[in-house]
Amino acid sequence: MQHFKNLFSRHCYRHFLFWVLLFAAIYSAAGFLLAPVLIQQTIKEQVQSNLGWNTEIGKVELNPYSLALNIEQLSIIDQNNKEVIGFSRFYTNFTLRSIFELAVTFQSIELIDPRIDITINKEGENNLSKALAKHAAAPEKNEIEDEEEESSIIPLLIDKISLQNGTLKLTNFQPSNSVVHQVTPISFDLENFSTKLNEDGQYKLDIALGTGQTINWNGLISVNPIHSSGSLDLSGIKVHELWPYLQDAVPYELINAIASVKGDYEVSLLKDELALKIENSLIDIDSIKLTSENTPDGLLAIKKIHIGPSHFDLQEKNIVIKQVVIDTLLLDILRDQQGELAMLAPLAKSKTPESDTNTRQTDDAKDITVKDDASSQATPPFMWSVEQVLVQNSHVNWLDKQPKKPAAIAVKQINIELNKLNQDLTSTLPFSINYFVDSSQKNTVVGDLVIAPLKLNSHLTLAGIDLTAVQPYVAESVQIKLEKGRLFTDADFQLNEAADGQIQGEFTGNINIKAFNSLDKVLNKRLLGWNELSINPIKVDLNPLAIDIGKIALTEPYFRVVIAKDRSVNLSKLSVEKATNKKEETPKTTSSNDAPLPLSIGEVSLSEGSAYFADLSLQPQFGTAIEHMNGQISNLSSDDKKIANVEIKGTIDDYATMLVKGKLNPLSNDLYTDLNVKFDKIDLTAFTPYSGRHIGYIIDKGKLNVQLDYKIKDNKLEAKNRIILDQFNLGDTVKSDEALDLPIKLALALFKNKDGVIDIDLPVTGNLDDPEFKITAILLKTLGNLLTKAITSPFSAIASLAGSNTDSLNKIAFSLGSSELNLEQKEALKVLAEVLNKRPELVLEVRVNVDQKAEEKALKTYNLDQYFIESDVNINDSNELVDAMEALYASRESRQKLDQLEAQIKLNVETEQKEDEYKARYQQALTDALLETQPLESLEMLTLAKKRVSVIKQELIKVNKLPNSQVFVLNPSLDGIADKDKIITEFTLSAK
């Protein structure tokens with residue numbers, strides 16, 4: 001009690017307790033009253049001097065005894081009267097345990113409702129750094145040196161650090177569209193934080209980034225040395241909200257992507273070497289959707305991407321990812337009408353190269369390359385591996401708007417597996433792919449891949465690819481509609497990169513196209529099709545290119561050829577004309593000496609093939625079908641030394657037959673052909689439309705046989721074309737402006753034998769190297785020449801049948817006034833009869849010629865001789881004959897005229913030595929005088945003609961048995977002209 005009394009005495013200051021109480025009072029006043037004011041004032045001054053902003057503080061409390069500081073409702077406001085930094089409460093209490101711990105020790109540090117609002121302008125400056133840079137003074141040199149000297153870690157212990165309900169707001173004006181992020185609530189707890197050597201503190205950080213977005217981070221942390229281990233869990237992160245930062249650099253828009261990241265880590269910094277290990281990390285990105293300006297409905301969508309578990313070791317330079325799974329990828333590939341891919345269009349727009357920038361970047365790249373080369377020699381390469389990459393249940397939709405009718409192809413249910421992927425490009429990577437194309441069955445590719453040098457071994461299976469999917473592309477070139485068809489392939493495919501960089505490869509397997517059918521869109525009729533086309537096996541070497549096929553089998557193939565009303569062939573109308581402004585390039589010509597593509601086909605088989613031909617330009621229209629074509633071509637090869645065998649059979653209009661048989665090698669440079677082609681018993685009545693147009697007659701009946709024998713060797717052609725028409729008869733005439741103006745029936749009759757068969761041989765030879773040589777043109781010309789010659793010189797045509805000459809068959813030369821035939825003429829008529837018997841359709845027309853002037857004298861002479869013979873005058877006795885002639889002349893004229901005639905002759909003969917000449921002249925003068933007075937009936941000329949006809953007919957019909965129906969006598973001609981005492985009777989030929 002005495003001590004307390006002394007405190008209130010005059011000498012209280014002499015007592016220890018007084019000083020203690022005084023110190024306590026002053027300490028309390030300073031702590032409770034003065035310090036809060038000073039702290040508040042200091043905070044405001046520091047903020048103002050360093051940032052230029054105002055500070056509002058609700059309350060500052062300091063307990064000098066518990067060493068606890070409490071600040072409430074702090075708000076730092078910028079020049080725009082906007083809060084930038086603030087909190088509801090800050091609390092910390094310093095503990096005297098620091099004396100024993102030999103470290104600055106806090107029992108707890110609490111921050112409640114912290115708030116920070118950061119704004120980043122277009123130049124990338126944030127409001128805090130900008131304010132600091134504007135108001136903060138540059139540190140003096142001595143201060144910098146002092147800071148460098150005091151770089152050692154201050155011993156610090158904090159039992160607990162707690163941050164509750166924090167909010168971070170970030171407004172970024174750098175992207176083209178400003179971005180606002182608000183992260184709340186943020187919670188952070190750290191226990192036993194220490195800066196002492198090898199002491200860890202346990203921490204926990206929980207951040208909510210919005211609806212369903214959280215960051216959970218917990219573990220241990222040490223700052224001496226720097227070390228931390230723990231786990232990180234990011235869940236529901238909306239990656240698309242961060243996309244605006246990349247939008248200017250990446251010309252696509254990420255509409256949605258939700259990411260989750262989990263993993264354990266350990267990080268340390270020892271002797272300036274950073275060590276980082278990440279274990280069991282899992283990355284999941286869900287509901288990804290990517291669009292662009294050209295594809296507003298969506299370019300890429302992925303249901304889920306899963307990466308992990310993963311192992312990462314920075315010191316070991318190693319990362320191992322067990323699995324990368326891409327689940328339900330949906331990719332829409334659009335090609336626009338200009339042929340540009342919509343997915344690449346944004347990249348083209350984003351390219352703005354500048355020469356100076358490129359140059360600078362190139363120089364920088366060179367410097368970096370040099371540095372990298374130097375560092376790579378000392379630093380081991382980074383090792384990475386992905387054990388498995390999976391793409392599951394994915395879809396790729398191809399939409400091409402460039403064709404007139406857009407093409408759409410869907411590749412569905414794509415599953416890809418790639419194993420053992422790593423930084424060693426020489427390692428073997430097994431892979432497998434399976435997918436469906438539209439309505440196809442499952443298609444697969446299985447194999448293994450080496451990236452460098454490239455090596456691919458794979459097995460490819462295509463199962464029922466619908467060929468109608470390419471119809472829009474076919475329609476761009478030809479007017480053909482693919483109605484159906486399925487592609488099947490089962491093959492091995494290899495690629496190899498040789499030491500010289502050349503890519504070599506091989507395709508081995510089989511190809512099948514089943515149930516194929518196409519439509520001629522012009523005629524709206526079936527054009528080409530088959531039940532099955534099988535190529536098995538097929539081997540294709542890529543470098544150099546060579547093809548080896550075991551067998552090509554065509555089952556029930558069909559082909560249609562139609563000539564339209566305008567006489568154009570349907571095939572010529574199928575091509576689609578394309579307008580172009582580009583200058584047409586001259587096609588490159590290939591020398592015939594160039595080595596052909598190595599091609600070998602073991603066999604081409606044809607089973608139940610058919611074809612249809614129609615000609616709509618005719619009236620009536622014409623159509624015929626070739627059916628049941630069966631056969632094979634074996635050993636086709638581009639090797640000049642190998643010859644293929646051909647044998648194909650078929651029927652025409654059910655009953656006629658077709659056969660192609662022989663040898664050929666059409667694939668080699670040295671063409672060789674030895675083919676026999678036969679068509680038997682083709683009914684010719686079906687060809688009436690052609691006969692009506694070209695020869696002006698319908699075909700009443702007949703069958704056609706064709707035998708073609710073609711041989712080509714050393715580019716020399718020897719062809720035999722034998723055409724046989726059996727019982728070929730023409731019917732009624734047909735009016736046609738195109739009909740030949742020729743006696744067609746005569747031509748047919750000249751060639752038709754007694755059995756009703758026309759047999760024509762048309763041999764053709766030529767050099768295929770001659771550009772003017774065209775087999776069809778030559779064949780038609782040969783046939784035309786044969787018909788023309790036969791019609792214009794019919795006897796020449798039939799003379800070969802008898803081995804005779806034309807002159808002996810087409811005429812008879814009679815002596816003047818005579819109707820008798822000599823032996824040579826009878827033989828000629830015999831030959832003519834034999835020939836006409838072989839050509840029963842021919843009619844021989846006989847026209848007898850009479851030269852009235854020349855033959856009148858002959859007839860009078862004949863009649864005068866007959867008179868003397870009948871008068872019993874010996875015409876061989878000149879004296880007796882002269883006496884008879886004098887008597888006849890005197891009786892007809894007078895004795896006086898006879899004497900005058902005799903005197904005239906004597907006057908001309910003067911001497912006796914000319915007695916013989918006189919007698920001859922006198923006899924001739926009497927003969928001439930008698931012929932002048934000899935009477936002659938006009939009917940006698942016709943009688944002579946009839947006699948000549950009679951002897952001709954008798955020789956032909958009675959003697960040589962030529963049917964009377966084949967001999968026609970024409971009206972005799974009295975205007976004949978004799979030549980060398982002969983008058984010609986000419987024969988002509990016509991058809992029945």
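## Aromatic pairs

Phe 90 is partly exposed, at 24% relative accessibility; buried here means under 20% relative accessible area, exposed over 50%, and partly exposed in between, with a 1.4 Å probe and protein chains only. Phe 87, by contrast, is buried, with a relative accessible area of 12%. This is a predicted model, in which local features need pLDDT of at least 70 and side-chain atom pairs count only at pLDDT 80 or more, while totals for chains, interfaces and linings use all residues. Residues are numbered from 1 along each chain as its sequence is written, and side-chain values use heavy atoms, with hydrogens and water left out.

Rings of Phe, Tyr and Trp (its six-membered ring) pair if their centres lie within 6.5 Å; planes under 30 degrees apart count as stacked, over 60 as edge-to-face and the rest as tilted. By this rule there are 4 aromatic pairs. One of them joins Phe 87 and Phe 90, a tilted pair with 6.3 Å from centre to centre and 55° between the planes. Another is the pair of Phe 516 and Trp 530, which is stacked because the ring centres are 4.5 Å apart and the planes stand at 25°. This pair links distant parts of the chain, 14 residues apart: Phe 516 belongs to strand β22 (residues 503-520) and Trp 530 to strand β23 (residues 525-542). Both Phe 516 and Trp 530 are buried.

## Overall composition

The protein has 19 helices and 37 strands; helices (H or I, at least four residues) and strands (E, at least two) are DSSP runs, numbered from the N terminus. Of the 992 residues, 35% are buried. Among contacts (heavy atoms within 4.5 Å) with a separation of 6 or more, 59% involve residues 24 or more positions apart.

Strands pair if DSSP finds at least two bridges between them. Strand β12 (residues 273-291) runs antiparallel to strand β13 (residues 300-313), with 10 bridges joining them; Leu 290 has Leu 300 of β13 as its bridge partner. Strand β13 is also joined to strand β15 (residues 324-335) by 7 bridges, again antiparallel, and Ile 305 stands opposite Ile 326 in β15.

A further 4 bridges connect β13 with strand β14 (residues 318-321) in antiparallel fashion, where His 311 faces Val 320. The hairpin of β13 and β14 has 4 residues between the strands, and Lys 317 takes a positive phi near 50° there.

## Nonpolar cores

A nonpolar core is a set of buried Ala, Val, Leu, Ile, Met, Phe, Trp, Tyr and Cys residues joined through side-chain atoms within 4.5 Å. The largest has 93 residues, and those with the most contacts inside it are Leu 832, Leu 844, Leu 956, Phe 987 and Leu 989. Leaving aside residues up to four places away in sequence, Leu 832 touches Phe 795, Leu 809, Leu 844, Leu 956 and Phe 987. Another core, of 19 residues, lies apart from the largest one and includes Leu 864, Met 885, Leu 888 and Tyr 889.
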